[in-house]
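Hi there,

Here is the structure I promised to pass on to you. Have a look at it first, and my notes follow below.

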Amino acid sequence: MRITRPLLRLIGGLAGMVLACTTMSVGTAAAAPLPVVGPGSGFVTTGGIDDLTVCSIAAVGYDDAGRLVALTAGHCILRPGLPVTLVGSPTAPVGTTAVGHWGPDYGVIVLDPTAVTPVASLGGVTVTDIGTGSVGQPVCKTGLGSGLTCGSIVDFRGSDLMSDALTVWGDSGGPLVIGTTLVGIASHASGAPLVSPTAYASAPESLRLLSASGAPGAGFRPV
């Protein structure tokens, strides 16, 4: 077929349209929203087979050094430096483990601020500050395993709060709130799972010890 000037102009125009569409496609992909991380977000730590945990996040915020961090349970952090991925967005790590503490049971993940969108509200729970609770007060928790459940504070054991807000496997590290105040971090069942109260690490005591240690997360303040 003979290539005429009009045909060349047509080919050039079509090529320009293809290039424009390709550019828009690339731009759209680059602008894809980052995964959201907040109260109750599920995460997985990876490394060796002995480093695997599946837990929840209590709250996201900033520490005194300006790092974006997440609070969770200490027993979910088997050692520092493990990659952390979000349940539902497992393709790339969003941070690394930093602190694992037991008694009270609190832990810290350092998040990559370029990899996530931090939020204060998720799964029906909002965290705006840290505070204490008392026996009989109504509370709610959210987590990967059982979602949003509510109950009340039924007792204290040491610095731990005991609550009948239901928890199951995967909820460890999730937030216990009164209104929008974080009062506890889900730790463990005090007896038989599902029928015994759950122990929640005291949020104020956990953050007091964390701040005194100077480790990542010290001076935590919610987003």
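Helix H2 is followed by Gly 214, which has a positive phi, near 75°. Keep in mind that this is a predicted model. H2 itself covers residues 203-213, and its buried members are Ala 203, Ser 206, Leu 207 and Leu 210. Viewed down the axis of H2, these buried residues fall within an arc of 90°, so they line one face of the helix. As a reminder, an α-helix has 3.6 residues a turn, so residues three or four places apart point the same way.

What do the buried residues of H2 pack against? They pack against five strands that you can pick out in the viewer: E5 (68-72), E8 (106-111), E12 (129-130), E17 (181-189) and E18 (198-202).

The other end of H2 is worth a look too. At the start of the helix, a side-chain oxygen of Ser 202 comes to within 3.2 Å of the backbone nitrogen of Glu 205. Ser 202 belongs to strand E18, one of the strands that the buried residues of H2 pack against. Is Ser 202 buried or exposed? Its relative accessible area is 10%, under the 20% cut-off, so Ser 202 counts as buried. Leaving aside neighbours within four places in sequence, Ser 202 is in contact with Ser 159, Asp 160, Leu 161 and Val 183.

The largest pocket holds about 220 Å³ of space. Its lining is made up of 17 residues, and those nearest the centre of the pocket are Val 168, Trp 169, Gly 170, Asp 171 and Ser 172. Which strand gives the most to this lining? That is E17, with 4 residues; strand E3 (53-56) and E17 each supply at least two. Sorted by class, the lining of the largest pocket has 8 nonpolar, 8 polar and 1 charged residues.

Finally, the overall picture. The protein has 2 helices and 19 strands. Of its 223 residues, 41% count as buried. Among contacts between residues at least 6 apart in sequence, 60% join residues at least 24 apart.

Happy browsing, and do write back with any questions.

Best wishes

Definitions and conventions. Residues are numbered from 1 along each chain as its sequence is written. This is a predicted model: local features need pLDDT of at least 70, side-chain atom pairs count only at pLDDT 80 or more; totals for chains, interfaces and linings use all residues. Side-chain values use heavy atoms; hydrogens and water are left out. Buried means under 20% relative accessible area, exposed over 50%, partly exposed in between (1.4 Å probe, protein chains only). The arc is that of the directions from the helix axis to the C-beta atoms. Contact means heavy atoms within 4.5 Å. A polar contact is a pair of N or O atoms within 3.5 Å; within protein, one must be able to donate a hydrogen and the other to accept it, and residues adjacent in sequence count only if both atoms are side-chain atoms. On a 1 Å grid over the protein atoms alone, a cavity is a set of points where a 1.4 Å probe fits but cannot get out, and a pocket is an open set with protein on both sides within 12 Å along at least five of seven lines; lining residues have an atom within 4 Å of a point. Grid points are joined across faces, edges and corners, and a volume is the space filled by probe spheres set on the points. Ala, Val, Leu, Ile, Met, Phe, Trp, Tyr, Cys and Pro count as nonpolar, Asp, Glu, Lys and Arg as charged, and the others, Gly among them, as polar.
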